[in-house]
Amino acid sequence: MVDSLPSAVLFCCTMNSIRSPMAEGILKRFHGNRIYVDSAGVRAGGYIDGFVVEVMEEIGIDLSGHRCKVFDELEDDSFDVIVSLSPKAQHRAVEMTRFMSCEVVFWNTFDASLIDGNREVRLNAYRAVRDDLMRKILARFPVARAPSG
């Protein structure tokens with residue numbers, strides 16, 4: 001199961017400030033020593049969203065130092081799997097297959113920044129995105145369990 005993990009995964013979304021940094025952080029937590037993981041956005045997003053930092057901190061992942069970047073700023077441009085989290089990112093990921101042989105996966109993921117409301121309502125929207133990404137990542141990139149005996 002873990003033997004079939006890819007060696008390099010890219011998560012991408014529209015601005016690399018909410019969804020793709022969350023996914024990057026989650027996969028690094030579980031497979032950071034086995035898989036090269038990065039993230040990028042189609043457009044420059046500026047800074048990581050503060051709600052992202054807060055909800056990821058709740059599960060022990062520090063994204064406070066995340067620097068948002070676009071595709072052209074990636075240090076590596078060879079990935080086994082590209083997971084796009086928004087329609088704009090999906091289009092860009094498919095374009096990358098013109099020069100790179102890789103699997104492209106589309107997980108259309110809600111943009112939590114679209115939620116209006118008080119702080120708790122907004123945090124709950126970000127938590128829902130985080131938890132959805134966690135489920136999908138663990139299903140797609142499973143963690144080996146120690147044999148019980």
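Author: The following account begins with the pocket and then turns to the salt bridges. The model is a predicted one. Its largest pocket holds about 190 Å³ of space. The lining comprises 13 residues, and those closest to the centre are Glu-24, Lys-28, Asp-38, His-66 and Lys-69.

Two of the residues closest to the centre, Glu-24 and Lys-28, form a salt bridge in which the closest N and O atoms are 2.7 Å apart. Both lie in helix α1, four residues apart, about one turn of the helix. Glu-24 is buried, at a relative accessible area of 8%, whereas Lys-28 is partly exposed, at 40%.

The structure as a whole holds 12 salt bridges. One of them joins Asp-72 to Arg-92, with the closest N and O atoms 3.5 Å apart. Asp-72 lies in the loop between α2 (50–57) and β3 (81–84) and Arg-92 in helix α3 (residues 87–96), so this pair ties together parts that are 20 residues apart in sequence. Asp-72 is exposed, with a relative accessible area of 68%, while Arg-92 is partly exposed at 25%.

In helix α4 (residues 119–140), Lys-136 and Asp-132 are four residues apart, about one helical turn; their salt bridge has its closest N and O atoms 3.2 Å apart. Finally, a network of salt bridges links Glu-58, Glu-120, Arg-127, Arg-130 and Asp-131.

How values were computed
Residues numbered from 1 in each chain as written. Predicted model: local features only at pLDDT ≥ 70, side-chain atom pairs only at ≥ 80, totals over all residues. Heavy atoms only, no water. 1 Å grid on protein atoms, 1.4 Å probe; cavity = no way out; pocket = protein on both sides within 12 Å on 5 of 7 lines; lining within 4 Å. Points joined across faces, edges and corners; volume = space filled by probe spheres on them. Salt bridge = Lys/Arg side-chain N within 4 Å of Asp/Glu carboxyl O. Helix = DSSP H or I, 4+ residues; strand = E, 2+ residues; numbered from the N terminus. Buried < 20%, exposed > 50% of the residue type's maximum accessible area, 1.4 Å probe, protein only.
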